[in-house]
Amino acid sequence: MTAVRREAFGRMAAEEGGGEVEKFVLQSDSVRVEILSFGCIITTLETKDRDGQFSDVVLGFDTLEGYTRKHPFFGAVVGRVANRIANGRFSLDGKEYQLFLNNGPNSLHGGAKGFDKVLWSAQVLPNGVRFFRLSPDGEEGYPGDLKVWVTYTLSGRELAINYQAQSSKTTPISLTNHAYFNLAGQGSLDVYDHEISIEADSYLPVDDTQIPTGEVAAVQGTGFDLRQPVELGKHLQKFHLDGFDHNFCLHQGQDRRLVARVFHPPSGRTMEVHTTQPGIQFYTGNNLDGSLKGKGAATYSRHSAFCLETQNWPDAVNKPHFPNVLLHPGEEYNHTTWLVFSTA
C-alpha cells in the first residue's frame, strides 16, 4: 500500500506570481518520495540500504527559496523541450521560431521560465499525484496551447513518472525529470564508487557547446561503452573523461524496457531505470562546484551526483534523422519512466 498526503510547503513571492506551493508525500514500505507542485520537483527520495536504513538519495533544498533561486534543475520536470536546441532556433511549416538563449548560444530545458519554474495544479490519486498545466501558445517562443499532465505513482519499490500532452498546434516536445542522485545519500562527496551500466549501442558526440554533431556513433571500443557495469571513478580515469553529459541512444519502441542500472556496493542500493523514451542523457554533475548549499547544509561539489534523464535526443527538432520530436494536433504525447529501487 502507498500512503499519500499533501501539506503546505511555502508561498511564492508576489513578483513570482504568488500562490501556495504544496508538497505531496508518497510512502511505501521501501520508498518515500516528496514532490512539489512547483516544477513537479522531487525534493526527497528515501530508500533503504542493505541493512534497512533509509537515506535521502536526491540533491535539493530544504526550503522553497532554494528552488525559486537559480539552481541546476534539481529534481524538476523540464520542458517543453528537455536538453538543448541549437541556437534556440527551429523551423516548422515554413515558419522560424526563436527561443530564449539560456545556455551559451543555445536554448536549454525550455528556456528562461520553463516547466521547472511554474506552479502546477495537483490532484491526489490513491497511490500518487497528478499535476496539470496549460502552457499557452507562444510561451517561451513555442507554438500551440499545450496541455500537460505529469503523474507520479509509487508502488512498492517502483516510482513511475508518466508524461502526457496535447497541443493545438504542431510543436516540439520532450519532457523529463532532472533528479540528481547519489545512492550513498545526498551530500556524499562524489559518485565515483557507483557502478553504472546503460543499455545503448550508440551515443551522440557533441560539439563544444554540447549540441550533437549529427553523428550517431557506436560505443564499441570507447569510453561510452557502458553495456557492462563500470565503476565510475576508475572508468573516467581510464578514458581521461571529465565526466558525462551525453545522450545514449536506446533501442527504439514504445514498450517498457530496462535501459540503465546503478549499483552502490558500500550501501547495497540499486536503482534501475526503465522507460518508453528513445534516449537517456547521462550527466555526472560536471557543473556542480560547491557553491550551492543543499539539504542539511550539504555542499554539492563536482561529480557529487548523477542524472539519468530519459528523453528524446537533443536538438532533434533540427535533425530530421533523429527520432521524431513533433506533436501534432489530435495526437497524444505519452511516455513513462520507472525508477526501481532495491538492495543487493
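**Aromatic pairs and an annotated site**

Okay, let's start with the rings: this predicted model has 20 aromatic pairs, where rings of Phe, Tyr and Trp (its six-membered ring) pair if their centres lie within 6.5 Å, and planes under 30 degrees apart count as stacked, over 60 as edge-to-face and the rest as tilted. One of them is Phe131 with Tyr152, an edge-to-face pair at 6.1 Å centre to centre and 80 degrees between the planes. Phe131 sits in strand S12 (residues 128-135) and Tyr152 in strand S13 (residues 146-155), so this pair ties together parts that are 21 residues apart in sequence. Strands here are DSSP runs of E, at least two residues, numbered from the N terminus.

Buried means under 20% relative accessible area, exposed over 50%, and partly exposed in between (1.4 Å probe, protein chains only).

Now the pair of Phe132 and Trp149, which is tilted, with 5.2 Å between centres and 45 degrees between the planes. Phe132 is in strand S12 and Trp149 in strand S13, 17 residues apart. Phe132 is partly exposed at 28%, and Trp149 is partly exposed at 22%.

A quick word on the numbers themselves. Residues are numbered from 1 along each chain as its sequence is written, and side-chain values use heavy atoms, leaving out hydrogens and water. Since we're looking at a prediction, local features need pLDDT of at least 70 and side-chain atom pairs count only at pLDDT 80 or more, while totals for chains, interfaces and linings use all residues.

Ring pairs also link Phe61, Tyr67, Phe74, Tyr180, Tyr283 and Tyr300 into a cluster. Keep Tyr180 in mind, as it turns up again in the UniProt record.

That record, an unreviewed entry, puts a "binding site" feature at Asn83, Arg84, His178, Ala179, Tyr180 and Asp245. UniProt positions are in the numbering used here, feature names are shortened, and annotations may be inferred rather than shown by experiment.

Let's look at Asn83. Where is it? Asn83 is in the loop between strand S6 (77-78) and strand S7 (84-85), and it is buried at 3%. Its side chain makes a polar contact with the side chain of Gln281 at 2.9 Å (a pair of N or O atoms within 3.5 Å; within protein, one must be able to donate a hydrogen and the other to accept it, and residues adjacent in sequence count only if both atoms are side-chain atoms).

Last one: Asp245 is in strand S21 (residues 245-249) and is buried at 11%.

Note on methods: Helices (H or I, at least four residues) and strands (E, at least two) are DSSP runs, numbered from the N terminus.
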